[in-house]
Amino acid sequence: KNKVHERRAAFLFILPAVVLLAAFLILPAVSTVRYAFTDYNILRPDKIKFCGLDNFVELFGDRDFKKSLVNTIYFTVVVVPFQCILALLLALLLAMLISSRRKGVSIFRAAYFSPNITSMVVVAILWSVLYNPNPSTGLLNAFLTKLGFAPCGFLTDPKTSMNSIIFMSAWQAAGYQMMIFLAGLQAIPGDQYEAASIDGAGAFQKFLYVTLPGLKNVIKYVVMITMIQAMKLFTQPYVMTQGGPQNSTRTLVYYIYEQGFQSRNFGYACSVATVFFVIVVTMSLMLKRVIKAD
């Protein structure tokens, strides 16, 4: 009887989570796949026509889709190592300050983490002002002109627009990974560092043979979640560049938004979303296999 009551209690506790998961994740995902095979205009929901694989045939010949895919992969490949290394360096700096018991460590921790809890829309607007090509308005270009350099069109030049978003995105999100790395650093036993010191290891050798092995599982987790988040890039291009200039910052999620809610071509947007889902799952499995191989 006790086991039956325990199972019922467990079922009642998980039931709200299962209902919410089904309503807001599983059902929309299934509906997306279903609509991907239809000609569905969002303004005419009463006239949904089954079109088979037409959306997918059109998709793989769509230059805008291919450009969005390339932009998304480029952003992910660049921002993941850059953001993770930045987060690790910040965590090492904080761990060093904590070990030295200096005052004001909590202030530094809050300062590094605060961009992550700030709305991305607010951060994107702020950096749009910083990136303004006019030296009288844009702080970064004002600084460049003071140093004798020509103003840079950070968000207005196709060659620099995506890299500008990458730098801003890494700055904004590195605080979250920093806290995870910091927890991992604090979990490494201190006697390992003492043993390394007795063996004559220097600071770099301690980092190479004690810190990195101790953070192995943490690094795997951080790289995985950072990659998944990077693939979903939307807010920054939407607020800062609207996918431009010359589609240089248009990502797959932004393209889905354009097709579904601006062009009202909901069926085609669902086909892009379906392919995007397959790409994310495939990349996650590949990364997981690479990580396990290590």
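This is a predicted model: local features need pLDDT of at least 70, side-chain atom pairs count only at pLDDT 80 or more; totals for chains, interfaces and linings use all residues.

Colleague: Which residues do salt bridges join into one network?

Modeller: A salt bridge here is a side-chain nitrogen of Lys or Arg within 4 Å of a carboxyl oxygen of Asp or Glu. Arg 250 makes one with Glu 258, at 2.9 Å from N to O, and one with Asp 64, where the closest N and O atoms are 3.5 Å apart. Through shared partners, the network holds Asp 64, Arg 250 and Glu 258.

Colleague: How many residues apart are Arg 250 and Asp 64?

Modeller: Arg 250 sits in the loop between H11 and helix H12 (252-262), while Asp 64 belongs to helix H3 (residues 63-99). Helices are DSSP runs (H or I, at least four residues; strands are E, at least two), numbered from the N terminus. So the pair links distant parts of the chain, 186 residues apart.

Colleague: Is Asp 64 buried or partly exposed?

Modeller: Arg 250 has 11% relative accessibility, so it counts as buried. Asp 64 has a relative accessible area of 31%, which makes it partly exposed.

Colleague: Which helices do the buried residues of H5 pack against?

Modeller: In helix H5 (residues 120-130), the buried ones are Met 120, Val 123, Ala 124, Trp 127 and Leu 130. They lie on the same side of H5, because they cover an arc of only 115 degrees around the axis (taken from the directions from the helix axis to the C-beta atoms). With contact meaning heavy atoms within 4.5 Å, their packing partners are helix H4 (105-117), helix H6 (139-146), helix H7 (161-187) and helix H11 (235-240).

Colleague: Where is confidence lowest in the protein chain?

Modeller: pLDDT is the predictor's confidence in each residue, from 0 to 100. The chain's mean is 89, and 99% of its residues reach 70 or more. H11 is highest at 94, and the lowest mean, 83, belongs to H4.

Notes:
Residues are numbered from 1 along each chain as its sequence is written. Side-chain values use heavy atoms; hydrogens and water are left out. Buried means under 20% relative accessible area, exposed over 50%, partly exposed in between (1.4 Å probe, protein chains only).
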